[in-house]
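Please read the sequence alongside the model below, and follow the strands and the surface in turn.

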Amino acid sequence: MDSPVDVTVRVILVDLLRKAEDRAAAESKLVADRKEIAKSARIKEFLGVEFGKPMQMPTNELTKAHYETWSQVDNGEKKDHANVSYWKKSLKVSKDLQVPFVDKIYVACSYETLCACKVCGYGYVPKDVDKLEAIRRLDNFALEMNKKYGIAMHRGIIPADEKEGELRVKRLANDFVQYDFQNDYVMVSLYFSLKRSSVSFTLEDMSVSKTIREEGWEAISEKTKDAEGK
C-alpha cells in the first residue's frame, strides 16, 4: 500500500491452465472426428421406410407424380429438358412421429422398381407454441438425428438475394431458420418459416435419386412443346 507505483501480481495456476487446454483440445478432436464420420454416414431406414428397397405394394395404392427438370446453356436454351415421373404414398402419422410439427408426410419411390428414395413432410407450429420453443424442439430433433445416424445437421440462416439490397437481405434472412446436412449418400433438410409458422422436412437417399431420374425420365422436345403451345 505504501509503494509509490501501482503493483499488480498475477499467479498462473499451471494445472488449471493445462486442464483447460487439454479440454479444449479434446473438444476440437471430437468435433473433427464427428465431421469425418459424417462424410460417410448413411440413413438406411427412417419412419419405417427402408431406402433403396422396393416397396411391397401394388401401384394402385400409390399416387403418380412428376417433376420437370432441365439445365440451361449459355444461349439461354434448355438442355436435357424432361418430365421425371415417380410414385408417392402418404405415411400414417403416429404420436411418436419423429419430426416436430410435421403432421403430413409421404414417401417417394422410383417409377419401375418402386425403390424408396425420400421422405418429405410439412406442417405448422401450433399457435400456443412460441418461436423460441419451436426452435428449441427443432434443435433437439437435429441433435437426435446426429446422434442416431452419425450425421452433422446444423442450424443456419437461409441466404437471401444480395441484389435486393442490404436491408432486404437482413429482413429475408430472418424469415427462415434452416437445418441441413448433405454428403455423397444422404441429404437432410428442415425449414422453419417464422412468418408462416410452417415446417417442411426432406430426407433423401442420394443413390436412389439417380434411379428415379433414370426410370421416370421422359424427354421434352422444345419444338414439340412450342407447337403444342401454339
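Which residue in strand 10 does Leu190 stand opposite? Leu190 stands opposite Phe201. This is a predicted model, in which local features need pLDDT of at least 70 and side-chain atom pairs count only at pLDDT 80 or more, while totals for chains, interfaces and linings use all residues. Residues are numbered from 1 along each chain as its sequence is written, and side-chain values use heavy atoms, with hydrogens and water left out.

Strand 9 covers residues 186-193, strands being DSSP runs of E with at least two residues and helices runs of H or I with at least four, numbered from the N terminus. With strand 8 (residues 176-182), strand 9 pairs in the antiparallel sense over seven bridges, where pairing requires that DSSP finds at least two bridges between two strands. Within this pair, Phe181 has Val188 of strand 9 as its bridge partner, and three residues lie between the two strands of the hairpin.

Strand 9 also runs antiparallel to strand 10 (residues 198-205), to which eight bridges join it. These two strands form a hairpin with four residues between them, and Ser197 in the turn has a positive phi of about 55°. Because seven of the eight residues of strand 9 are buried, this strand is largely enclosed by the rest of the structure; buried means under 20% relative accessible area, exposed over 50%, and partly exposed in between, with a 1.4 Å probe and protein chains only.

Val11 lies in the segment before helix 1 (14-39), and Val11 counts as exposed because its relative accessibility is 67%.
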